[in-house]
Each structure stands twice: as structure tokens, then as C-alpha cells.
Amino acid sequence: MYVSCSKTPGSPRASGSCPFIVPSNLATGTYELRLLSNDSYTSLATSNSFAVTGATLNVSPTTIARGGTVTATWNGIAAPTARDWIGLYTPSGANQSFIDWIFVSCSKNPTTGSASGSCPFTVPVSVAPGTYQMRLFTNNTYTLLATSNALTVQ
């Protein structure tokens, strides 16, 4: 935005403040704002860094046997849909390489969305012992909202 606090140029200001709306699809992380000169990339000032937080996902218990069930608990989905889903992954696996999955309605059928909740998730018996994680995605896409703590399968 311009220092006129809009997306179109206005009267220049030597000082002031503007409300800045953080986009809802911004990934969780640390960011900063930069004041740039006269429609260029010449930096005049940089803000303090700030954290953007989003959804969280946790699994419990953190150690189970193959074929065991964990509880996947999520919170903070800004725009929940019935097609938000949770998948089981190896930590280095690409988002498209899930092992198994469920929608946040706790089944393979999308029925309701929820900003927060929990679902039982049975780890397939075919999964090899090792370390895994669960990932939360939005609206039947590979847009990652959150990654869980580590899950050890024995």
C-alpha cells in the first residue's frame, strides 16, 4: 500500500501510520514491512519483525504401534471448509506423497468443516516403524496449514 493508506497513490506524507491487513493465505512465519521510495525498490526503512501464526496440528500419543490410533487435534483454521484434510507423512515427503488421510469430519467423506477439533486416526498396519508427521491442508488442496509434532511408529 502507499503511505496514503490505500492501493492508489495519494498525498505524500513525511510520517504517519496505516492499518495493514495481513492476507489470510499468508504462510505461518516471520515477516517485516518495508517502506520503499517513490514507487521503487529503494528501501527507506524496515519494521520490526512480526510473527504470523495460523493453524496448529498436534498428535497424541506421540509413540504408537503399527495399526494404532492417534488423536489429531487442530486449531486456528481461518476459513474452514468441509474439504480440509489431514494426512500422514514421512517428514521428508512431498505434500503429494501422503500415506493415508482423512477429512476434518473424521472420515473419507467431507461433511462439515471446523476451525478446531480432533479426530482419531488409525495408522495403517503396513506402515514401517519410524518417524512420521501429520499435515493439515485446506479445501482438498496441497495448501499446507500446519504440520504436527513427530509421531514415532514402533
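Where does S105 lie? I looked up S105 and placed it in the loop between β9 (100-103) and β10 (117-122). I note that helices (H or I, at least four residues) and strands (E, at least two) are DSSP runs, numbered from the N terminus.

**Basis of the entries**

I worked from a predicted model, in which local features need pLDDT of at least 70 and side-chain atom pairs count only at pLDDT 80 or more, while totals for chains, interfaces and linings use all residues. Residues are numbered from 1 along each chain as its sequence is written, and side-chain values use heavy atoms, with hydrogens and water left out.

**Entry: S105**

Leaving aside residues up to four places away in sequence, I listed P110, T111, T112 and C119 as touching S105, where contact means heavy atoms within 4.5 Å. I also found a polar atom of the S105 side chain 2.8 Å from the backbone oxygen of N109.

**Entry: salt bridges**

I then asked how many salt bridges the structure holds. The structure holds 2, a salt bridge being a side-chain nitrogen of Lys or Arg within 4 Å of a carboxyl oxygen of Asp or Glu.

I recorded one between the side chains of K108 and D100, at 2.7 Å from N to O. K108 is partly exposed because its relative accessibility is 40%, and D100 is likewise partly exposed, with a relative accessible area of 21%.

I recorded another between the side chains of R34 and E32, at 2.6 Å from N to O. R34 counts as exposed, at 58% relative accessibility, whereas E32 is partly exposed, with a relative accessible area of 35%.

**Entry: nonpolar patch**

I looked up which residues make the nonpolar surface patch of about 330 Å². They are M1, F20, V22 and L33. Patches are made of residues with over 30% relative accessible area and no salt bridge; like charges are joined within 9 Å, and nonpolar side chains (Val, Leu, Ile, Met, Phe, Trp, Tyr) within 5 Å. Accessible areas come from the Shrake-Rupley method with a 1.4 Å probe, and for residues only the protein chains shown count as cover. I placed M1 in the segment before β1 (29-31), and M1 counts as partly exposed because its relative accessibility is 44%.

I examined strand β5 (residues 56-60) and found L57 and V59 on its covered face, with T56, N58 and S60 on the uncovered one. Strand β5 runs antiparallel to β7 (residues 69-75), and 5 bridges join them; two strands pair if DSSP finds at least two bridges between them. I traced T56 to its bridge partner in β7, N75.

I noted that the peptide bond from S60 to P61 is cis, with omega near -5°. P61 is found in the loop between β5 and β6 (63-64).

**Entry: positive phi values**

I inspected the loop between β11 (130-137) and β12 (144-147), where N139 is found. Although N139 is not a glycine, its phi is positive, about 45°. N140 lies in the loop between β11 and β12 too, and its phi is also positive, near 60°. N139 is partly exposed, with a relative accessible area of 39%, and N140 counts as partly exposed at 46% relative accessibility.

Note on methods. Buried < 20%, exposed > 50% of the residue type's maximum accessible area, 1.4 Å probe, protein only. Polar contact = N/O pair within 3.5 Å; in protein donor to acceptor, adjacent residues only side chain to side chain.
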